[in-house]
Amino acid sequence: MTRPDDVPTGAPGDFPQVTRHPPTPMLRLADGLDRVVSIFCRGIVLVTGLALLLLLFGNVVARYTMGGGFSFAQELPERIFPFFIMAGAALAAQHGGHMAVEMLPELFGRRVEQAVRILAQSIVILGHAVMVYVTVKVANISWIDLSPVLNMPASYSYYALAGGSVAIIAVTTALVIRLFIIGPEAMPVPTPEETGQ
């Protein structure tokens with residue numbers, strides 16, 4: 001939630017920067033983390049989204065023109081889709097696009113709200129750290145689970161989950177840094193387009 005005296009700078013959808021706080025090394029670190037994750041995840045969403053679109057379109061065309069679809073057209077999207085989803089989840093976390101209960105922290109004073117938000121984001125970091133640990137362990141034992149046509153291991157999907165969780169940890173760490181330095185005003189506010197309003 002942005003207070004009236006704290007005017008966010010930058011283009012809509014950018015990560016929040018508040019004008020009354022001069023850039024410090026820690027805020028620069030937070031901005032750097034956000035920038036790296038944003039570029040990386042947007043690239044993944046673009047490449048995987050285009051690949052999924054082309055695969056599905058090509059399969060439909062093949063089904064109607066050649067009497068049958070491509071044998072790999074079901075397996076490949078199953079391996080690509082987790083990368084698409086997890087990159088999108090990291091971008092949503094960066095822009096405040098995930099579901100959240102906003103009423104409770106705002107009932108308290110500014111300092112308590114700041115502490116509650118830092119605690120909540122720390123729990124997010126811890127939860128995703130557990131997710132990284134578990135999914136990497138599962139990925140390491142799922143190399144033997146091969147797809148029937150392309151012989152692709154199921155591990156790729158688990159690595160996508162782990163990588164997405166690492167990206168969410170990075171953007172949430174950047175948010176925690178801002179919450180410590182700026183306060184609750186640093187919380188990202190999704191645009192109306194992102195919330196469906």
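Start with Arg-178. Arg-178 is buried, with a relative accessible area of 3%; buried means under 20%, exposed over 50% and partly exposed in between, with a 1.4 Å probe and protein chains only. This is a predicted model: local features need pLDDT of at least 70, side-chain atom pairs count only at pLDDT 80 or more, and totals for chains, interfaces and linings use all residues. Residues are numbered from 1 along each chain as its sequence is written, and side-chain values use heavy atoms, with hydrogens and water left out.

What does Arg-178 meet in a salt bridge? Its partner is Asp-31, at 2.8 Å from N to O. A salt bridge here is a side-chain nitrogen of Lys or Arg within 4 Å of a carboxyl oxygen of Asp or Glu. Arg-178 sits in helix α5 and Asp-31 in helix α1, 147 residues apart. Helices are DSSP runs (H or I, at least four residues), numbered from the N terminus. Asp-31 is buried too, at 14%.

Next pair. Glu-185 bridges to Arg-110, with the closest N and O atoms 2.7 Å apart. Glu-185 lies in the loop between α5 and α6, and Arg-110 in helix α4, so the pair ties together parts 75 residues apart in sequence. Glu-185 is buried at 3%. Arg-110 is partly exposed at 29%.

One more, inside α4. Glu-113 and Arg-117 form a salt bridge at 3.0 Å. They are four residues apart, about one helical turn. Both are buried.

Overall, the protein chain has six helices and zero strands.

Notes. Helix = DSSP H or I, 4+ residues; strand = E, 2+ residues; numbered from the N terminus.
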